[in-house]
Structure formats: structure tokens, C-alpha cells
Amino acid sequence: MIKKILIANRGEIAVRIIRACRNMGIYSVAIYSKEDEKSLHTQLADQRICIGEGPARDSYLNMDRIISAALNVDADAIHPGFGFLSENSVFARKCAENGILFIGPDPDVIDRMGNKSQARKTMMDAGVPVVPGTREPVYDAEAGKLLAETIGYPVMIKASSGGGGKGMRVAAGEEEFEFQFNLAQRESANAFGDDTMYLERFIENPRHVEIQIIADSQGHVVALGDRDCSVQRNHQKLIEESPSPAIDDATRQKMSEYAVLAAKTVGYTNAGTIEYIVSPGGEFFFMEMNTRIQVEHGVTEMVTGTDLIIEQIRVAMGEPLSFTQDQIKPRGHAIECRVNAEMPGHNFMPSPGVVEHIHLPAGNGVRVDTALYAGYEIPAEYDSMIAKVMVHAPDRDAAIRKMMAALDEMVVTGVDTNLDFQYQIIRSRVFREGQADTGFIEKFMNLKEKAPEVPEV
């Protein structure tokens, strides 16, 4: 039985986990950097402990300090949230070695699915559709060029340990392959300390659709529907919605079945996400698995009526899932917009500073996950996401109207945000018609630069 959880994270996800702990009667412990001393999560938690200076490497990425903090406060478990150490198998093992429960999958599974090249091979063996490409890792440009010829150009060059768009390059033809491969490999080595690469056929104008799954230690795996995450900039998601307007029910069912198969194949437990790339023709392929709770988990909670954080904690305690696959019947439509402290008009430059005033939208079917409050100083050291605005309505058109009203109502002064930019996207014709693919934002920005007074695409 878990009595005390240390939350190895910050910001809105830390606040989200603290609230789940309160609902379960579990004592919560917040860790914080000196930069985050006055953050909301430190004020809401039952206990707090400082673990270092502002930079993440000295605080939220410092495994030994986090483990030491957990031991000092007698925490039974650690919830890593998302980002930081949430998919770090070394950290998960350190937790186990010190008798602390890691609220997430087994570290061996994190390793197996965290390495994208190995994950591809595992899914191939399981019969899950994957993007045509290499089965084994690729280490040099010459070998890669020969393989690219068999795959067919254009090809996507990807880092095996990649994430967030790092270590990814497209080679349109043989003449540029070596340059793009070496560029991606250097970026991978610098970002992840790993120069292992793999190749995939580049699918043009794709959609990004993912399936949320959760599994318990009794062998039950449940798929909780899909999310469309195609609206993204530099491979960073901006808007997510459920269900996806890009797929039909038959495709949705097949994707869910393969997601469950993927989880069972690797002996997965806890929450995870199977991400697919969907071609304009409707073909779908496994892309990767995220072995953690996702930023966008709230849209799934809204359409399924579940609490995935509470379910994560229950599963970690060895309890069976509180629902079966037959009981999951998604209703209506949910949309999430990520609100960032940044300046879209200046190449999305971060905008840290003091929040002078904040007003959050509310009402039936409106949810805002945030750690903001008036007087809070947004630090420059961390990710610029400051809030997630979510809405739920009976259908997609109603959800779009509700999101427009919510964004219009939300006010944050003292720092620049992307609220207006998100509003323009939501009201654009392409988004309203459900036609936005992963290249939509670049097209949208180009049009706005030519005709900024015309907000609709």
C-alpha cells in the first residue's frame, strides 16, 4: 500500500499528480529547484524538499539527489510525470535498488521500447505494421545509403534514442543522403550520447494518431481510444483531440487491437501510448511507444470518464484495472490546446517573466491544467508550456466552438503567450474540416506571413 509519493517533476503535471494523491488519501511530496521555490506544486504538496539549483541537470535530472530526497522523507513511491526522468530506465532501476516503487513500467521494458530501432524490430516480430525501413541499426552513411536505395527515396533518417524531433532528417535523394545522415547522427550523439540510427520510408503529409493503453500486473491491457496529434511545430505537439477526424471506426479498432498486442508482446504494465503515423491513403504504421503518461492524457480522460493518474497509482500498487475493455466507451469529442509562454511572431521565442494577471476559462466541459497564478515568475530554465486548455462536447463542431470560447476568455498578462496563435489555428478552415496534417503549421505560418490580416487557411 502506497502511503507517500514523491513527485519527481514540476509545473502542471506535478500539480495534477498532487491532486490525484489527495483524492486517494495519499501523502504527496514535492521536489523543487531553487528557481521553483514559489511554484504552485510546492505550495499544494503535503511536504516539499529542495534538490538543487535551477538548471535541470542540477535538480530534476539529478537522480541521486531525487533518490536521496525520497529516502529522507520515507516515500514509498516516485511518480516521474512526463519528461525529465520519466522514461529513464537507469532511474527506474535506482528506485528499485533503494526499495522505492517506480510508478511506471519495468526498466527492461523501458529499454526495449525506448530504443526506437529495437522497438521497430520487436513490433515487426509481433506482426504490428511498421513503416517500411531498416530492421537492424545503422551506424555509418555508406551502409545507410545502400539500404536507402532498397527502401526508396525520400527516406527519413532517425536516431534510435531520439525524441522531440532531435536526430531526425529527411533525405530526398542519394545526392544529399550522406550530408543529412551525418547531420542527424551528430545531433543524436550530442543530444542522447548515442549515434545509432535507423531508416524509414518518408511518408509525405501524414497524420500522427496515437492509442492510449494501460495495463496491470494481472495481464489485463485496455485501449482507451485514440488521439490525433497532427498539429505540431518542429515535431512538438500543439493541439490534440480525441477521436481523430482522420480515421474511420474500422481503422480505429484495428489500431487499438495492435496497440494492445504491442503492450502484451513486451509485458507492459502501467500507462503507455502507441504512436502511429497515418498516410493520406489511410494506411497506419507503428512509429514508437511512449512508456509514460502523456502531456495530452486529459483529452482521453474527458472522453472516457477515467482518471489515468489514479489508475497508474493503483496499478503500481498491484491492483487490477478498475475497468475492462468493454466498459470503455468514448463519448463525445475533446480537444486540448497547449498554452506556451512564447512569442509566435518572433520565431516562438520563449517569454519568461512575472504573471501580472491571469483569468482561466471555466464552464461545463472546460478544464485547465496549469501551475500559474498571479505573481508567479515563469522561469527561463524549463519548457515554455504553462497551461493546457481542454474542452469536451457532444461532437467535434461543438468542441471547436467551445475551445474558441475558452481561448477567447483566457487572459494572461505580464508575459507573451501563444493564445492568439492557437485561436487562429482552431478557427482555420483546414483545422475545422479535420484536414490538418503534420506539415500544417508550416503552411499556416507561410500564409500568415503573406497575409497576416487573413486568419483563415
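Analyst: Strand β2 runs parallel to strand β3 (residues 47-52), and five bridges join the two (helices, H or I of at least four residues, and strands, E of at least two, are DSSP runs numbered from the N terminus; strands pair at two or more DSSP bridges). Within this pairing, S33 faces G52 of β3. The model is predicted, so local features need pLDDT of at least 70 and side-chain atom pairs pLDDT 80 or more, whereas totals for chains, interfaces and linings use all residues. Residues are numbered from 1 along each chain as its sequence is written, and side-chain values use heavy atoms, without hydrogens or water.

Strand β2 also pairs with strand β1 (residues 4-7), again in the parallel sense, here over four bridges. The residue opposite I5 is S28 in β2. Strand β2 spans residues 27-33 and is mostly covered, with six of its seven residues buried (under 20% relative accessible area; exposed is over 50% and partly exposed lies in between, with a 1.4 Å probe and protein chains only).

A further sheet is open and antiparallel, and its eight strands follow the order β13-β12-β9-β10-β11-β14-β21-β19. Its edges are formed by β13 (284-290) and β19 (366-370), each of which pairs on one side only. On average, neighbouring strands of this sheet are turned by 25 degrees against each other, direction ignored (axes are lines fitted to C-alpha atoms, for helices over the stretch in contact, and angles run from 0 to 180 degrees between N-to-C directions). Within the sheet, strand β9 (residues 207-215) is joined to strand β12 (residues 270-278) by nine bridges in the antiparallel sense.

Helix α13 lies across β10 (221-233), β11 and β14, and runs at about 50 degrees to β11.

These helices also meet each other. The axes of α12 (residues 396-409) and α13 (residues 419-427) come within 10 Å and cross at roughly 160 degrees. From α12, the residues I400, M403, M404, L407 and D408 take part in the meeting. Their counterparts in α13 are L419, Q422, Y423, I426 and R427.

The loops contain several points of backbone geometry. Y153 and P154 are joined by a cis peptide bond, with omega about 0 degrees. P154 is located in the loop between α7 (141-151) and β6 (155-163). Another cis peptide bond, also with omega of about 0 degrees, joins S242 and P243.

Positive phi values at residues other than glycine complete the description. D74 has a phi of about 60 degrees and sits in the loop between α3 (63-72) and β4 (77-79). The relative accessible area of D74 is 59%, so D74 is exposed. N234, in the loop between β10 and β11, has a positive phi of about 55 degrees. Its relative accessibility is 46%, so N234 counts as partly exposed.

Note on methods. Contact = heavy atoms within 4.5 Å.
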